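Side chains can meet in several ways. Look at the structure below, then follow the rings and charges one by one.

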Amino acid sequence: MPYKQYEDYNIEITDEIKSQYQGIIKNVGEDINREGLLKTPERASKAIQFLTQGYNLDAAEILKGAMFKESYNEMVIVKDIELYSLCEHHLLPFFGKAHIAYIPNGYIVGLSKLPRIVDVFARRLQVQERLTEQILDCINDTLRPQGVAVVIEASHMCMMMRGVQKQNSVTTTSGFRGQFEKIETRNEFLKLISENLS
């Protein structure tokens with residue numbers, strides 16, 4: 001997803017968010033008229049809109065636009081999908097990677113669409129647990145495969161920069177549907193991605 005140009009932003013929304021950032025900068029004790037900060041509220045306004053653009057995208061429609069009939073019925077895995085999101089509790093980033101697998105049931109999906117739906121849900125105010133479930137349910141409900149598995153591992157700046165300040169902590173979440181609820185299928189998936197897990 002390329003960074004939106006200025007003209008793609010709603011000017012009224014951009015100006016409203018910009019004024020709110022001006023207030024935040026002033027209230028933390030900075031001079032909003034200092035040269036280095038003059039354009040910061042506008043930049044921050046555009047940045048937060050970019051980082052939350054997932055609210056304006058439909059992940060199911062993205063998948064439906066690239067579904068193809070195919071007889072292949074073995075496991076399909078896309079590993080190491082980069083993700084960047086914002087923790088809804090502190091508006092600080094969390095980032096890491098997602099591993100997705102599904103077993104087709106008459107349809108496959110264009111491989112690039114799986115990273116795209118990760119972005120759709122990650123570009124919202126999130127918690128990692130919900131993000132995992134939303135990706136899982138979207139693939140399961142739209143593609144209707146024999147099974148879906150999602151594993152996400154991420155570092156959370158709200159734990160690293162503030163609070164407990166644990167810089168080396170990584171959070172792993174997982175979800176399984178259909179055939180992946182069977183221990184042998186789940187173990188096969190986990191084995192195939194195990195070299196990636198921290």
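## Rings and charges in a predicted model

Lys 46 is buried, at 13% relative accessible area. This is a predicted model, so every value here is computed from it. The partner of Lys 46 is Glu 42: the two form a salt bridge, with 3.2 Å between the closest N and O atoms. Glu 42 is partly exposed, with a relative accessibility of 28%. Both residues belong to helix 2 (residues 40-51). They are 4 residues apart, so about one helical turn separates them.

Why can such pairs form? Opposite charges on side chains can pair when the charged atoms come close. A search of the whole structure finds 7 salt bridges. Three of them are listed here.

| Salt bridge | N to O distance |
|---|---|
| Glu 42 and Lys 46 | 3.2 Å |
| Lys 97 and Asp 80 | 3.6 Å |
| Lys 97 and Glu 153 | 3.8 Å |

Now take Glu 153, which meets Lys 97 at 3.8 Å. Glu 153 lies in strand 6 (residues 147-156), so its bridge to strand 3 joins parts 56 residues apart in sequence.

Is Glu 153 buried or exposed? Its relative accessibility is 3%, so Glu 153 counts as buried. Lys 97 is partly exposed at 25%, and Asp 80 is partly exposed at 35%.

Next come the rings. The whole structure holds 2 aromatic pairs. In one, the ring centres of Phe 176 and Phe 189 are 6.5 Å apart. Their planes stand at 80 degrees, so the pair is edge-to-face. Phe 176 is in strand 7 (residues 171-178) and Phe 189 is in helix 7 (residues 183-193). The pair therefore ties together parts 13 residues apart in sequence.

Phe 189 also pairs with Phe 180, again edge-to-face, at 5.8 Å centre to centre and 75 degrees between the planes. Phe 176, Phe 180 and Phe 189 form one aromatic cluster. Phe 176 is buried at 13%. Phe 180 is buried at 0%, and Phe 189 is buried at 0%.

The charged end of Arg 186 sits over the ring of Phe 176, 4.2 Å from the ring centre.

Key:
Residues are numbered from 1 along each chain as its sequence is written. This is a predicted model: local features need pLDDT of at least 70, side-chain atom pairs count only at pLDDT 80 or more; totals for chains, interfaces and linings use all residues. Side-chain values use heavy atoms; hydrogens and water are left out. Rings of Phe, Tyr and Trp (its six-membered ring) pair if their centres lie within 6.5 Å; planes under 30 degrees apart count as stacked, over 60 as edge-to-face and the rest as tilted. Helices (H or I, at least four residues) and strands (E, at least two) are DSSP runs, numbered from the N terminus. Buried means under 20% relative accessible area, exposed over 50%, partly exposed in between (1.4 Å probe, protein chains only). A charge sits over a ring if NZ of Lys or CZ of Arg is within 6 Å of the ring centre and within 35 degrees of the ring normal. A salt bridge is a side-chain nitrogen of Lys or Arg within 4 Å of a carboxyl oxygen of Asp or Glu.
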